[in-house]
Amino acid sequence: MLALNAVSKRYPNGTRALADISLAVDAGEILAIVGGSGCGKSTLLRLAAGLEAPTTGEVQVDGERIAGPHPAVGLVFQEPRLLPWLTVAGNVGFGLAALAPTERAAKVNAALARVGLADYAARWPRELSGGQAQRVALARALVTNPRVLLLDEPFSALDAFTRVDLQDHLLDLWADTRPTLVLVTHDIEEALVLADRVMVMRAHPGRIAGVLTLEAPRPRDRQSGTFERAKRQLLADLGRAGTYRSGEEAFPTAAI
Ligand SMILES: Nc1ncnc2c1ncn2[C@@H]1O[C@H](COP(=O)(O)OP(=O)(O)O)[C@@H](O)[C@H]1O
Ligand SMILES: [Mg+2]
């Protein structure tokens, strides 16, 4: 379980990126985070990944305080951020330098197979399409078998077809080991297709405006009437979110 306990983040320039965020994401749960730009979504993920320290409060994974990058927590950014001077295999295995070469190669190959790129180990980043590069970034995050996988708008730079393809693929990957998954997205449909709960954030200071619970089993039908209704509700909630008090009871459950 990923827990943020009364976490706030104030940057040195005075920006209150997050104010008093308390949040628990269950083992195996998929939480989507939506909200306008600047409301602290990326800051929240960086704190959860241990890349940044909270000003107050703390982040825990399965009860252990996260004080820096941790093998149990994987993070994928909007851009793949592959190192151009390393092959695909080199990129995926970058964080495994402590392992013996044969063990490292086995893990790298298994991770590449999981994202459908088993034949791409010797390729260079520049030889990949956008979707392939993002799958390599996913493989790099998955190679340590993280219990918590954090994704920061991972598909937003991709075309619509590739995006839907990778959303389905992400669900397959998740089903393998059922990590806790936190997905920041600006795509409402993506949130409604993938998530158990959708958390809406507001800016100045960054805070939780409300949380929508989705009870329909996956895979979900994007064309169904109930899906359309849930989408309208979430869009309306996003528009009204400024009037909500912070807290998880703000939104009703949507049965899509
Ligand atoms: N390193 C930083 N230093 C100062 N301010 C920052 C830094 N990173 C983000 N911010 C500010 O914190 C707020 C939240 O940013 P961010 O977490 O990137 O939001 P989001 O991902 O929701 O767009 C914004 O006002 C942003 O300008
Ligand atoms: Mg961001």
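Mentor: A residue counts as buried when its relative accessible area is under 20%, as exposed when it is over 50%, and as partly exposed in between. Keep in mind that this is a predicted model.

The part to look at is strand β9, which covers residues 197–202. Of its 6 residues, 5 are buried, so β9 is largely enclosed by the rest of the structure.

Next come the strands paired with β9. Strand β3, residues 30–34, is joined to β9 by 4 bridges, and these two strands run parallel. Strand β10, residues 207–213, is joined to β9 by 6 bridges, and here the strands run antiparallel. Val198 of β9 shows both pairings: Ala32 stands opposite Val198, and in β10 the bridge partner of Val198 is Leu212. In a regular strand the side chains alternate between the two faces of the sheet.

β9 and β10 also form a hairpin, with 4 residues between the two strands. His204 lies in that turn and has a positive phi of about 55 degrees.

Now to the charged pairs. Side chains of opposite charge can pair when their charged atoms come close.

Arg46 has a relative accessible area of 28%, so it counts as partly exposed. Glu52, at 22%, is partly exposed as well.

Arg147 forms a salt bridge with Asp62, and their closest N and O atoms are 2.3 Å apart. Arg147 sits in the loop between α4 (130–142) and β7 (148–152), while Asp62 sits in the loop between β4 (56–61) and β5 (64–65), so this pair ties together parts that are 85 residues apart in sequence. Both partners are partly exposed: Arg147 has a relative accessible area of 39%, and Asp62 has one of 43%.

The side chains of Arg163 and Asp187 meet in another salt bridge, at 3.5 Å from N to O. Arg163 belongs to helix α5 (residues 160–177) and Asp187 to the loop between β8 (180–184) and α6 (188–194), so the pair ties together parts that are 24 residues apart in sequence. Arg163 is partly exposed, with a relative accessible area of 22%.

Note on methods: Residues are numbered from 1 along each chain as its sequence is written. Chains are lettered from A and ligands numbered from 1 in the order in which they are written. This is a predicted model: local features need pLDDT of at least 70, side-chain atom pairs count only at pLDDT 80 or more; totals for chains, interfaces and linings use all residues. Side-chain values use heavy atoms; hydrogens and water are left out. Buried means under 20% relative accessible area, exposed over 50%, partly exposed in between (1.4 Å probe, protein chains only). A salt bridge is a side-chain nitrogen of Lys or Arg within 4 Å of a carboxyl oxygen of Asp or Glu. Two strands pair if DSSP finds at least two bridges between them.
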